[in-house]
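Subject: A structure for you to explore

Hi there,

Here is the structure I promised to pass on. Have a look around in the viewer, then read my notes below.

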Amino acid sequence: DRASIVAIDPSLRKEYVSIMGKLIKPGGSILLITIDRRTGSEEGKSAGPPFSVDDAEIHRLYGNVDWVDQITKLDEHNEFETEEDKKRWTMQGVDSLFELCYVIQARG
């Protein structure tokens, strides 16, 4: 799912998760990478694509669907490492940005 869910309009995310459930084999897994625009202006945090998909949203989307067995957060990476990155995002109204990585495990 590299860069898929962040490209989808937030109003279509539940439908996307449902489709993923139909595509994944029993016992399969999804490597899910999102971005989390944690702080900044409301416009900056809600702009996209890429749209912000934070930890709470991942659990809201995948936590209560029948095909998901487990959600595991593997990593969280600060995307403001270089001055160039910081300048790029602050110009868009974002004050902090993290890349989040998960494994979504389907029921066997």
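A residue is called buried if its relative accessible area is under 20%, exposed if over 50%, and partly exposed in between (1.4 Å probe, protein chains only). Please keep in mind that this is a predicted model, where local features need pLDDT of at least 70, side-chain atom pairs count only at pLDDT 80 or more, and totals for chains, interfaces and linings use all residues. Residues are numbered from 1 along each chain as its sequence is written, and side-chain values use heavy atoms, with hydrogens and water left out.

Two helices

Helices (H or I, at least four residues) and strands (E, at least two) are DSSP runs, numbered from the N terminus. Let's begin with H1, where Arg 13, Tyr 16, Val 17, Met 20 and Gly 21 are buried. These residues cover an arc of only 140° around the axis, which puts them on the same side of H1; the arc is that of the directions from the helix axis to the C-beta atoms. On the other side of H1 you will find Lys 14, Glu 15 and Lys 22, which are exposed. Packing here is judged by contact, meaning heavy atoms within 4.5 Å. The buried residues of H1 pack against S1 and H3.

Helix H3 (residues 55-62) has Glu 57, Ile 58, Leu 61 and Tyr 62 buried. Seen down the axis, the buried residues of H3 fall within an arc of 110°, so they line one face of the helix. The buried residues of H3 pack against helix H1 (13-23) and the strands S1 (29-40), S2 (68-78) and S3 (94-106).

The core

A nonpolar core is a set of buried Ala, Val, Leu, Ile, Met, Phe, Trp, Tyr and Cys residues joined through side-chain atoms within 4.5 Å. Which residues touch the most other members of the largest nonpolar core? Among its 26 residues, they are Ile 5, Leu 32, Ile 58, Tyr 62, Trp 67 and Ile 104. H1, S1, H3, S2 and S3 are the elements that give two or more residues to this core, and the largest share, 7 residues, comes from S3.

Tyr 62 is worth a click. Leaving out residues up to four places away in sequence, Tyr 62 touches Ile 5, Tyr 16, Val 17, Leu 32, Trp 67, Val 68, Ile 71 and Ile 104. The structure holds 1 aromatic pair. That pair is Tyr 62 with Trp 67, edge-to-face at 6.1 Å centre to centre and 85° between the planes. (Rings of Phe, Tyr and Trp, its six-membered ring, pair if their centres lie within 6.5 Å; planes under 30 degrees apart count as stacked, over 60 as edge-to-face and the rest as tilted.) Both Tyr 62 and Trp 67 are buried.

Charged partners

A salt bridge is a side-chain nitrogen of Lys or Arg within 4 Å of a carboxyl oxygen of Asp or Glu, and the structure holds 7 of them. Asp 36, Arg 38, Lys 73 and Glu 76 are linked in a network of salt bridges. Asp 36 is buried, with a relative accessible area of 7%, while Arg 38 is partly exposed at 31%.

Happy exploring!
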